[in-house]
Amino acid sequence: QKLELSDRLAGLGELSAGIAHEINNPISYVRSNLQELQRDFNGLAEFIATLDKASDELDLHSPVYQRLLSAYQQLHIAAILEHAPERLRDCQEGVERAARIVSDMRKLSRSGHDKQWCQVNDDITSVINIARARLPASVTLEANLISVPDIYCNPSQIAQVVMNILENAIQA
């Protein structure tokens, strides 16, 4: 039974690693596009500021000024300039959070039943990051890990134990 369970866990680890890899590709595209959008928005905001300064030299009753003013108001340019940077930051933070979770999943899904020398805080930090993603918004999880020497163990089993403890705490 233990051998069968071990094989199932190894298969699950391989499946998780594959899924994490597949998720990581679109995350990379989104991350890259958000960086480009940030640059694009900064350029557009600078252009709008230049246009706004130049419009101060126009006659208030001229058709050009009136068209610019009308478009500025109808397109809600002031609100866009105010809120877009925060929206972009929120998107970038969300993508980074997803990338961290995927990275942590890949780390924890590595198969291996053998003991090895490892820094368990790395695996525990990954487990904590995954657990944080599952918490309700009103709950925070803080961890103050102490520095420990490398330990000869099976890091996947240590991570699984910590994950089970955190999972029980989340459910409770």
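A disulfide is a covalent bond between the sulfur atoms of two cysteines. Here, a disulfide is counted when two cysteine sulfur atoms are within 2.5 Å, and the structure holds 0 of them.

Before going on, a word on the model: it is predicted, so local features need pLDDT of at least 70 and side-chain atom pairs count only at pLDDT 80 or more, while totals for chains, interfaces and linings use all residues. Residues are numbered from 1 along each chain as its sequence is written, and side-chain values use heavy atoms, with hydrogens and water left out.

Now for how accessible a few residues are. Buried means under 20% relative accessible area, exposed means over 50%, and partly exposed is in between (1.4 Å probe, protein chains only).

| Residue | Relative accessible area | Class |
|---|---|---|
| Cys118 | 8% | buried |
| Cys153 | 8% | buried |
| Val148 | 23% | partly exposed |
| Glu167 | 17% | buried |

Let's look at two of these. Val148 lies in the loop between α4 (120-133) and β2 (151-153); helices (H or I, at least four residues) and strands (E, at least two) are DSSP runs, numbered from the N terminus. Leaving out residues up to four places away in sequence, Val148 touches Gln119, Val120 and Asn121, where contact means heavy atoms within 4.5 Å. Arg31 is another story: Val148 and Arg31 are 117 residues apart in sequence and 34 Å apart in space, C-alpha to C-alpha.

Glu167 belongs to helix α5 (residues 155-171). Its side chain makes a polar contact of 2.4 Å with that of Arg134. Such a contact is a pair of N or O atoms within 3.5 Å; within protein, one must be able to donate a hydrogen and the other to accept it, and residues adjacent in sequence count only if both atoms are side-chain atoms.

Finally, the second largest pocket. Its lining includes Ile48, Asp52, Tyr65 and Leu75. The elements giving two or more residues to this lining are α1 (2-55) and α2 (63-74), and the largest share, 5 residues, comes from α2. On a 1 Å grid over the protein atoms alone, a pocket is an open set of points where a 1.4 Å probe fits, with protein on both sides within 12 Å along at least five of seven lines; lining residues have an atom within 4 Å of a point.
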